[in-house]
Amino acid sequence: MSKLPPWLRRPWPAGHGFQHTHETLESLRLETICTNANCPNRGECWGRGTATVLILGNVCARNCGFCSVATGEPAPPDPTEPARLADMARRMEIKYLVITSVDRDDLPDGGAGHFRDCVNEVRRQCPAMRFEILTPDFKDCQEQALEILQDALPFVFAHNVETVPALYPRARVGGSYQRSLQLLRLARDRCPGLQTKSSLMLGLGETDREVEQVLRDLRDAGCDRLTIGQYLKPAQDALDVVEYVPPEKFAWWKERAQEVGFTWVLSAPFARSSYFAEQENAR
Ligand code: SF4
């Protein structure tokens, strides 16, 4: 904390709203990416009654260098999870629900069927709900996964490229930049009207030229929405931060992203994929 630049230091608001979110999630045995990824926004988001649910367990089949989610052999999908998720949505009176998952390369459909079941059960109990799903890259089953998701289309389909392709060997072992772009492109082609979204972290050692190219690649893949945030080391054994990018630079990237055609851009040190995702216009 003491090593952080001033713009990354802030209090942890933990009032009644935070406690309510915490207790609801605990009582329903739901996992969140907020906790598993040590997200710095947890105090703020939970305090205002929102959280991003991590379905399909909290053990990931991959071991990305930037991430603190545990790696190992994931458990089978829990058939009670969709109903527990719907319960949470009702108790917390959520209007916009972001659902994500660990990578499930062990499942033939990459977990797409469980995403569908979760969306459909919540939709059955909360018909006005708007959904954003943040999915893994569905490694060998992208076509199949998108076919399955046709039965449970969200408002936003998100998949994160996370960083520039040159850093994939260190940051996203097991991932493929082209495969990630391909998933976004397929989602766009298969589901007209669907908003697609991706996220990028800065501070891992990328160059401006590489970031610029990622923006263009995402737009070429039809991506509509973008978040750009500061990478913060979430665990002792995670990759080190190479650079703390100042807020003005994030503002500059926001302008660049809008210039290349993104219609919704959140670019700020604390921006994360699901941060203020429900806003009509990014802050
Ligand atoms: S930004 Fe997303 S992951 Fe982080 S606390 Fe907020 S909802 Fe959770």
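Predicted model: local features only at pLDDT ≥ 70, side-chain atom pairs only at ≥ 80, totals over all residues.
Residues are numbered from 1 along each chain as its sequence is written.

**Exercise 1. Find which residues surround the ligand, then look at Tyr 275.**

Step 1. The ligand is then surrounded by Ile 33, Cys 34, Cys 39, Asn 41, Arg 42, Cys 45, Thr 50, Ala 51, Thr 52, Arg 272, Ser 274 and Tyr 275. Two or more of these residues come from each of α2 (33–36) and α3 (42–47). Helices (H or I, at least four residues) and strands (E, at least two) are DSSP runs, numbered from the N terminus.

Step 2. Now place Tyr 275: look in the segment after β10 (264–267). Tyr 275 counts as buried because it has 23 C-beta neighbours inside 10 Å; the cut-offs are 20 or more other C-beta atoms within 10 Å for buried, 12 or fewer for exposed, and partly exposed in between, with C-beta atoms placed from the backbone.

Step 3. Finally, compare positions along the chain. Tyr 275 and Thr 52 are 223 residues apart in sequence, yet their C-alpha atoms are separated by 9.2 Å.

**Exercise 2. Work out how the buried residues of helix α8 (residues 177–190) are arranged.**

Step 1. Check the length. The expected span is 1.5 Å times one less than the number of residues. For the 14 residues of α8 this should be 20 Å, and the end C-alpha atoms are 20 Å apart, so the two agree.

Step 2. List the buried residues: Ser 180, Leu 181, Leu 183, Leu 184 and Ala 187. Seen down the axis of α8, they fall within an arc of 155 degrees (taken from the directions from the helix axis to the C-beta atoms), so they line one face of the helix.

Step 3. Turn to the other side of α8, where Gln 178 and Asp 189 are exposed.

**Exercise 3. Identify the strands that pair with β5 (residues 96–101).**

Step 1. Strands pair if DSSP finds at least two bridges between them. Strand β2 (residues 53–55) pairs with β5 in the parallel sense over three bridges, with Val 53 opposite Ile 99.

Step 2. Strand β6 (residues 130–134) also pairs with β5 in the parallel sense, over five bridges. Here Tyr 96 stands opposite Arg 130.

Step 3. Check the cover: five of the six residues of β5 are buried.

How values were computed:
Near = placed C-beta within 6 Å.
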